[in-house]
Amino acid sequence: MNDEDHEALTDDDAMVTALEEAAAAPSHGDVPIGAVVVHRGRIVARRHNERESSGDPTAHAEVLALRDAAAVLGDRRLREASLVVTLEPCPMCAGAAWASQVARVVYGAADLKAGAVGSLYNVAVDRRLNHQAEVVSGVRSDEAAALLTGFFDELR
């Protein structure tokens with residue numbers, strides 16, 4: 001059976017997996033953000049934030065998932081891939097998506113304070129850069145926002 005024999009994963013399906021990843025992050029003190037990389041209709045990487053658990057300020061879910069996907073696929077260029085993340089990527093993560101040349105960035109909740117693929121900046125479609133990606137926003141946004149709100153409510 002080859003890749004064409006499998007039904008392609010929808011953005012909604014991929015976001016369900018990203019939400020599962022996000023839900024795992026608070027168990028080690030991290031903000032509940034999850035990301036998956038979908039390549040040719042299948043998930044090739046899935047991660048959640050690990051900044052607190054690793055002590056690494058760059059251990060955002062998106063960066064970790066993109067690194068894993070590049071390793072799995074054996075190529076730093078993820079031109080046929082979608083990055084699916086529960087919260088709109090920050091400038092660092094939008095830059096990582098740009099550097100990996102993903103075809104699409106799909107996110108759930110908007111980030112009005114640091115969002116860099118539409119809310120505050122829009123790295124994904126900036127024509128001054130040598131690569132642009134399609135952006136899909138709002139996929140299961142209520143669920144993604146609820147995870148974040150619940151996490152921060154418990155901290156207060």
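## Exercises on a predicted model

Just after H4, Gln-101 takes a positive phi of about 60°.

**Exercise 1.** Find which residues of H4 are buried, and work out how they are placed around the axis.

*Solution.* Start with the list: Cys-93, Ala-94, Ala-97 and Ser-100 are the buried residues of H4. They cover an arc of only 130° around the axis, so they lie on the same side of H4. Finally, look at the partners: the buried residues of H4 pack against H3, S3 and S4.

**Exercise 2.** Decide whether H1 and H5 are roughly parallel or roughly antiparallel, and describe their contact.

*Solution.* First take the geometry: the axes of H1 and H5 are 11 Å apart, and the packing angle is about 5°. Angles under 35 degrees count as roughly parallel, and therefore H1 and H5 are roughly parallel to each other. Next, name the residues: H1 brings Leu-19, Ala-22 and Ala-23, while H5 brings Glu-143, Ala-144 and Leu-147. Sorted by class, this contact of H1 with H5 has 5 nonpolar, no polar and 1 charged residues.

**Exercise 3.** Which residues of the largest nonpolar core touch the most other members, and which element gives the largest share?

*Solution.* The core has 38 residues, and Met-15, Ile-33, Val-37, Val-84 and Val-102 touch the most other members. S3 gives the largest share of this core, 5 residues. Now zoom in on Met-15: beyond its neighbours within four places in sequence, its contacts include Val-84, Val-85 and Val-106.

Key. Residues numbered from 1 in each chain as written. Predicted model: local features only at pLDDT ≥ 70, side-chain atom pairs only at ≥ 80, totals over all residues. Heavy atoms only, no water. Core = buried A, V, L, I, M, F, W, Y, C linked by side-chain atoms within 4.5 Å. Buried < 20%, exposed > 50% of the residue type's maximum accessible area, 1.4 Å probe, protein only. Helix = DSSP H or I, 4+ residues; strand = E, 2+ residues; numbered from the N terminus. Contact = heavy atoms within 4.5 Å. Axes fitted to C-alpha atoms, helices over the stretch in contact; angles between N-to-C directions. Parallel < 35°, antiparallel > 145°, perpendicular 65-115°, else oblique. Nonpolar A, V, L, I, M, F, W, Y, C, P; charged D, E, K, R; others polar. Arc of directions from axis to C-beta.
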